[in-house]
Amino acid sequence: MSETKTAKDVLDLIKKENVQIVDLRFMDFPGLWQHFSVPAGEIDEDTFEEGMGFDGSSIRGWQTINESDMLVKPVPETAFIDPFTAHPTLVMNCNICDPITGADYTRDPRNIARKSVSYLQSSGIADIAYIGPEAEFFILDDVRFSQTESHGFYYIDSVEGRWNTGREENPNLGYKPRYKEGYFPVAPTDSLQDMRTEMVLTMLNMGIPVEAHHHEVATGGQCEIDMRFGELVSMADNILRYKYVVKNTARKYGKTVTFMPKPVWNDNGSGMHVHMSFWKDGKNLFYGDNYAGLSQTALWAIGGMLKHAPALLAFTNPTTNSYKRLVPGFEAPVNLAYSQRNRSAAVRIPMYSQSEKAKRFEFRCPDPSSNPYLAFSAMVMAAIDGIQNKIDPGEPLDKDIYDLPPQEAAKVPKTPGTLRGALEALQADHEFLLKGDVFTQDVIDTWIEYKMENEVLALDLRPHPWEFALYYDI
């Protein structure tokens with residue numbers, strides 16, 4: 001697909017592809033893609049400068065009703081032809097602006113991401129933050145859930161689910177990945193190859209570079225598609241397109257996708273390991289001759305990541321379900337340490353390649369329920385703080401953490417065990433996010449208030465099905 005760089009390029013593409021509808025999209029505060037559509041004739045060069053109005057009071061975490069008017073300003077370089085609509089439709093991501101002052105809206109997640117990059121550049125540390133996320137997801141055949149005053153349940157199903165080995169499927173062919181053994185069986189055990197390939201080819205046609213796809217560890221249809229690393233803001237844009245393609249391709253096959261971190265009990269959850277490196281003047285600042293081929297700058301960045309990790313998780317692991325994944329025993333990165341190979345450490349240094357170009361570190365805690373603009377920005381701000389303050393990450397942890405003596409294991413800091421714990425950590429430690437006005441105090445306060453009220457406290461109020469198994473007969 002040809003690249004669009006300017007408003008004129010977009011208008012030319014609209015004519016070339018006989019586009020009838022233009023879909024304008026933006027990210028709400030918690031992390032869902034939103035949109036509205038206009039006839040293609042409504043878009044001209046002025047639209048990109050002046051924007052189009054909408055009601056911001058209906059967007060989660062945004063304006064109050066008495067300050068509801070907002071503007072969307074389309075970003076030309078994000079344009080693509082929607083592969084799923086019945087009528088030719090062009091999609092663009094938008095920045096959100098105040099209609100009176102024209103200023104970028106401080107609670108717009110994409111604006112926060114743009115500010116994090118500007119702050120990195122203004123700090124003199126680096127020109128570019130490269131981000132490489134590895135998002136995992138489940139492809140399911142059926143999902144049902146309900147919660148009322150009289151009942152609460154969820155039910156998921158997958159033809160690949162190991163729990164279905166005894167089900168009458170007329171015929172049941174038996175190829176269902178064992179628990180924790182879904183990595184990397186060929187067909188027919190991996191029944192999702194063709195669907196993932198269609199997802200990948202669709203992404204490539206949209207201009208999203210993809211490196212690989214495969215089945216993941218869990219039974220029940222867990223998969224991963226790996227995009228090539230990219231600059232922070234465009235990478236966050238691509239995560240939104242990635243999710244859109246994955247969900248809608250699955251829907252074509254009569255299946256459904258979830259990016260919940262832990263939809264299946266007693267098997268591996270879905271993470272989004274994020275690789276990161278800083279570059280300046282065409283050179284990788286994380287490449288050097290210290291531990292695992294890292295530079296001192298990279299080690300300081302890791303120090304910042306580990307110091308601020310409990311607060312970071314409020315953005316990188318922002319759901320109550322996130323902490324059902326962050327438990328020992330499932331390759332979960334619950335240990336706030338770094339290592340060149342240990343996958344239960346929060347920060348890992350990949351050793352596949354020792355070249356300067358490939359040197360980076362991987363933050364393994366994040367999951368795909370996160371808002372990528374906020375998650376990537378918070379990570380960059382933690383790394384910057386580590387570099388600016390020369391934060392020592394301590395000694396690497398290259399031992400098998402689960403085989404450590406109890407006294408030694410107790411000395412390794414752990415991730416928060418709940419979303420409440422992460423939000424409390426963010427409340428206590430967020431000064432590093434306020435630098436450069438990247439995350440404003442209003443954004444921090446609104447995030448904590450929204451998450452506590454709508455998710456933490458909402459879950460606290462509701463009985464859990466397992467509580468009936470534990471306590472009904474007491």
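# Aromatic rings in a predicted model

Me: Does Phe26 count as buried or exposed?
Reply: This is a predicted model, in which local features need pLDDT of at least 70, side-chain atom pairs count only at pLDDT 80 or more, and totals for chains, interfaces and linings use all residues. Residues are numbered from 1 along each chain as its sequence is written, and side-chain values use heavy atoms, with hydrogens and water left out. Buried means under 20% relative accessible area, exposed over 50% and partly exposed in between (1.4 Å probe, protein chains only). The relative accessibility of Phe26 is 5%, so Phe26 counts as buried.

Me: How many aromatic pairs does the structure hold?
Reply: Rings of Phe, Tyr and Trp (its six-membered ring) pair if their centres lie within 6.5 Å; planes under 30 degrees apart are stacked, over 60 edge-to-face, the rest tilted. The number of aromatic pairs in the structure is 20.

Me: Why is the pair of Phe26 and Trp62 stacked?
Reply: The ring centres of Phe26 and Trp62 are 5.6 Å apart. The pair counts as stacked because the angle between the planes is 20 degrees.

Me: How many residues apart in sequence are the parts that Phe26 and Trp62 tie together?
Reply: Strands are DSSP runs of at least two residues, helices (H or I) of at least four, numbered from the N terminus. Phe26 lies in strand E1 (residues 21–27), and Trp62 in the loop between strand E3 (52–55) and strand E4 (69–74), so the separation is 36 residues.

Me: Over the ring of which residue does the charged end of Arg25 sit?
Reply: A charge sits over a ring if NZ of Lys or CZ of Arg is within 6 Å of the ring centre and within 35 degrees of the ring normal. For Arg25, the distance to the centre is 4.7 Å, and the ring belongs to Trp33.
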